[in-house]
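Subject: Structure handover

Hello,

Here is the structure I promised to pass on. My notes follow below it.

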Amino acid sequence: MNSPKQLTFPWNKSFHSSFEGFYIDPKNKQLISILENISINENMYIYGLKNSGKTYLLQSLCNKYSKNNKSSLFLPLMDVIKYGVEIIDSIENMDLVCIDGLEAVSQNKEWEIGLFNLINNAQQTGCRLVFTSSSEEGAINFSLADLDSRIRKFQSHEIFPISDDHLLKALKKITNLRSISLGEKEAQYLITYTKRNIADLTIILESLDQLSMENKRRITIPLIKELL
């Protein structure tokens, strides 16, 4: 189970995710600091609105473990639940297990028991667990009270979406990291006329970059209008 260091499955979306590529809203600095310090082995429960960066952070953490010769596994529950709970058998032998979207198993007794057993087994092996959910205020309606009790013992953190005041800075950071040429007016146009969250903005940026290369045109407001 310890080789390769980072297990690969069809749902692993990005091996390029990194903490360096994550724009940190000031409210999230403490959370990022704890996650980046892989010598900390506490279990964590991260909750927050959809598209606030939870998936990206989990993938970044897995990548950091891998670079430090530690085994890791990223599991988005919405994608893996159809494979059956057996898929999490023995994963407590990893150094790190990141489970994204905990709300997907709410009222699913079989999966709730599986996660309860995972938590208990991880206590014996020393596996670090990091769970996330998009449930409001982090509360999930589990049918298994013991699972709820176990998760409440995790170190709990809320992740905050990037505020409107910081969206432009975040957009500039992403374009610089990905070598995408985007002017000030174009960036402001995107923020004004698209969904105001960094996840959607990143997808639009990638599409714009592709469209720009295909048409051999720089990214302008008319090109943005064509895409939108």
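Start with helix α2 (residues 54-67): it lies across β1, β2, β3 (96-100) and β4 and runs at about 165 degrees to β3. Helices (H or I, at least four residues) and strands (E, at least two) are DSSP runs, numbered from the N terminus. Contact means heavy atoms within 4.5 Å. Axes are lines fitted to C-alpha atoms, for helices over the stretch in contact; angles run from 0 to 180 degrees between N-to-C directions.

Some ground rules. This is a predicted model, where local features need pLDDT of at least 70 and side-chain atom pairs count only at pLDDT 80 or more, while totals for chains, interfaces and linings use all residues. Residues are numbered from 1 along each chain as its sequence is written, and side-chain values use heavy atoms, with hydrogens and water left out.

The sheet

It is open and has 5 strands, in the order β2-β3-β4-β1-β5, with parallel pairing. Two strands pair if DSSP finds at least two bridges between them. β2 (72-76) and β5 are the edge strands, each pairing on one side only. On average, neighbouring strands are turned by 15 degrees against each other, direction ignored.

Strand β1 (residues 44-47) runs parallel to β4, and 4 bridges join the two. M44 stands opposite V130 in β4. Helix α1 (residues 29-36) lies across β1, β4 and β5, at about 145 degrees to β1.

β2 runs parallel to β3, with 5 bridges between them. F74 has C98 as its bridge partner in β3. Of the 5 residues of β2, 5 are buried (under 20% relative accessible area; exposed is over 50%, partly exposed in between; 1.4 Å probe, protein chains only). In a regular strand, side chains alternate between the two faces of the sheet. In β2, S72, F74 and P76 point one way, and L73 and L75 the other.

Y45 is in strand β1. Is Y45 buried or exposed? Y45 counts as buried, at 5% relative accessibility. Its side chain makes a polar contact with the side chain of S133, at 2.7 Å. The side chain of Y45 also reaches the backbone oxygen of G138 at 2.6 Å. A polar contact is a pair of N or O atoms within 3.5 Å; within protein, one must be able to donate a hydrogen and the other to accept it, and residues adjacent in sequence count only if both atoms are side-chain atoms.

Y45 and S156 are 111 residues apart along the chain, yet their C-alpha atoms are separated by 4.8 Å. Not counting residues up to four places away in sequence, Y45 touches a list of residues including F131, I151, F154 and H157.

Rings

There are 3 aromatic pairs. Rings of Phe, Tyr and Trp (its six-membered ring) pair if their centres lie within 6.5 Å; planes under 30 degrees apart count as stacked, over 60 as edge-to-face, and the rest as tilted. One of the pairs is F131 with F154: the centres are 5.2 Å apart and the planes at 45 degrees, so the pair is tilted. This pair links distant parts of the chain, 23 residues apart: F131 is in strand β4 (residues 128-133), F154 in the loop between α5 (145-152) and β5 (155-158). F131 is buried at 0% relative accessible area. F154 is buried too, at 6%.

K27 lies over the face of F160, 5.3 Å from the ring centre. The rule: NZ of Lys or CZ of Arg within 6 Å of the ring centre and within 35 degrees of the ring normal.

Loops

N43 sits in the loop between α1 and β1. Its side chain reaches the backbone nitrogen of L129 at 2.9 Å. Leaving aside neighbours within four places in sequence, N43 is in contact with C127, R128, L129, F154 and Q155.

N51 is in the loop between β1 and α2 and is partly exposed, at 41%. K216 is in the loop between α8 and α9 and is exposed, at 80%.

Helix α7

In α7 (residues 184-193), E186, A187, Y189, L190 and I191 are buried. Their cover includes α6 (164-177), α8 (198-215) and α9 (221-227).

Best regards
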